[in-house]
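Below are some notes for a colleague who has not seen this model before. Please read them with the structure open.

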Amino acid sequence: MLFNLKKFIGAILMPLPALLLLMGLALLLLWFTRWQKSGKVIFTLSWLFLLLFSLQPVADRLLRPIESEYVTYRGNDPVNYIVVLGGGYTFNPDWAPSSNLIGNSLPRVTEGVRLYLAHPGAKMVFTGAGSPKTLSNAATAAQVAESLGVPRSDIVLLDRPLDTEQEALQVSKLVGQQPFILVTSANHLPRAMRFFEAKGLHPIPAPANQLAISSRLNIWDRVVPSAMFLGHSERAWYETLGSLWQRLKGSDEVSVD
């Protein structure tokens with residue numbers, strides 16, 4: 001119940017639902033009350049922030065500092081485990097395996113496979129629970145890895161964790177004090193590293209799914225609002241809120257990746 005409540009509260013605090021709720025409040029004030037000026041101010045500011053968060057220069061400026069904390073891992077440290085954290089997924093057995101990984105999950109898995117190929121003898125560890133009537137997050141990601149050539153004998157499933165802190169706890173029981181590669185989205189990695197290090201672990205950061213664009217773009221890509229760039233703003237806001245909550249709660253915080 002607490003987990004679902006946190007998921008719901010986190011969802012409505014994201015830019016799009018929060019700003020739409022404010023716009024709805026503004027419309028109620030404009031249509032049904034005498035507080036016309038307040039309604040106009042709230043609607044105007046909500047519309048303006050929705051516009052700004054949907055523009056590439058604003059969105060990527062918010063996201064880039066979070067993603068740039070760790071660079072792409074190209075080392076050759078000897079490791080026995082490559083841990084790939086769970087993310088968004090669904091499961092339809094009629095789809096191609098990769099189609100079941102939503103948003104941040106597929107880039108995490110493909111980066112994990114790249115690192116697996118560069119570290120012969122390592123095991124790939126997938127994390128993430130699921131509902132009782134479907135495959136777990138971990139099992140769904142493992143199917144994709146197998147479809148890309150990773151032998152089932154080199155895959156370990158940790159399919160009980162619901163969040164990043166629980167993932168850190170489960171991984172600690174598997175790897176102990178030995179170093180391992182930790183793969184997750186670049187924007188999620190700083191927060192994940194704090195969870196894993198708080199458990200006394202020694203993760204080697206390996207960011208995946210970098211989103212903030214630093215290369216040159218066409219002018220229309222920079223000035224036209226886009227749902228994609230609104231998503232970048234959402235990730236920046238989500239991780240900022242998550243980090244603030246993590247610091248407030250300390251090592252006992254339960255987060256959602």
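1. H232 has a relative accessibility of 5%, so this histidine position counts as buried (buried means under 20% relative accessible area, exposed over 50%, and partly exposed in between, with a 1.4 Å probe and protein chains only). H232 is found in helix α10, residues 227–249. Helices here are DSSP runs of H or I with at least four residues, and strands are runs of E with at least two, numbered from the N terminus. If neighbours within four places in sequence are left aside, H232 is in contact with A59, D60, L63 and L211, where contact means heavy atoms within 4.5 Å.

2. A word on the basis of these notes. This is a predicted model, in which local features need pLDDT of at least 70 and side-chain atom pairs count only at pLDDT 80 or more, while totals for chains, interfaces and linings use all residues. Residues are numbered from 1 along each chain as its sequence is written, and side-chain values use heavy atoms, with hydrogens and water left out.

3. N209 has a positive phi of about 60 degrees, although N209 is not a glycine. The residue lies in the loop between β5 and α9 (219–223). With 17% relative accessibility, N209 counts as buried.

4. Helix α5 covers residues 105–118, 14 residues in total. From its first C-alpha to its last, α5 reaches 20 Å, close to the 20 Å expected at 1.5 Å a residue; the expected span is 1.5 Å times one less than the number of residues. The buried residues of α5 are S105, R108, V109, E111, G112, V113, L115 and Y116.

5. How do α5 and α6 cross? Their axes come within 10 Å and cross at roughly 50 degrees; axes are lines fitted to C-alpha atoms, for helices over the stretch in contact, and angles run from 0 to 180 degrees between N-to-C directions. That angle makes α5 oblique to α6 (under 35 degrees counts as roughly parallel, over 145 as roughly antiparallel, 65 to 115 as roughly perpendicular, and the rest as oblique). L106, V109 and V113 of α5 make the contact with A141, V144 and A145 of α6. The crossing is right-handed, a term used if the near helix is turned clockwise from the far one by less than a right angle, and left-handed if anticlockwise.

6. Helix α7 (residues 164–175) and α8 have axes that come within 9 Å and cross at roughly 45 degrees. That makes α7 oblique to α8, and the crossing is right-handed. On α7 the contact is made by T164, E165, E167, A168 and V171, and on α8 by A192, F195 and F196.

7. The structure holds two aromatic pairs. Ring centres of F49 and F53 are 6.0 Å apart with planes at 35 degrees, so this pair is tilted (rings of Phe, Tyr and Trp, the last by its six-membered ring, pair if their centres lie within 6.5 Å; planes under 30 degrees apart count as stacked, over 60 as edge-to-face and the rest as tilted). Both residues lie in helix α3 (residues 36–53), four residues apart, about one turn of the helix. F49, at 40% relative accessibility, counts as partly exposed, and F53, at 22%, also counts as partly exposed.

8. The rings of F180 and F196 have centres 6.0 Å apart and planes at 55 degrees, so this pair is tilted. F180 lies in strand β4 and F196 in helix α8 (residues 189–198), so the pair ties together parts that are 16 residues apart in sequence. F180 is buried at 0% relative accessibility, and F196 is buried with a relative accessible area of 0%.
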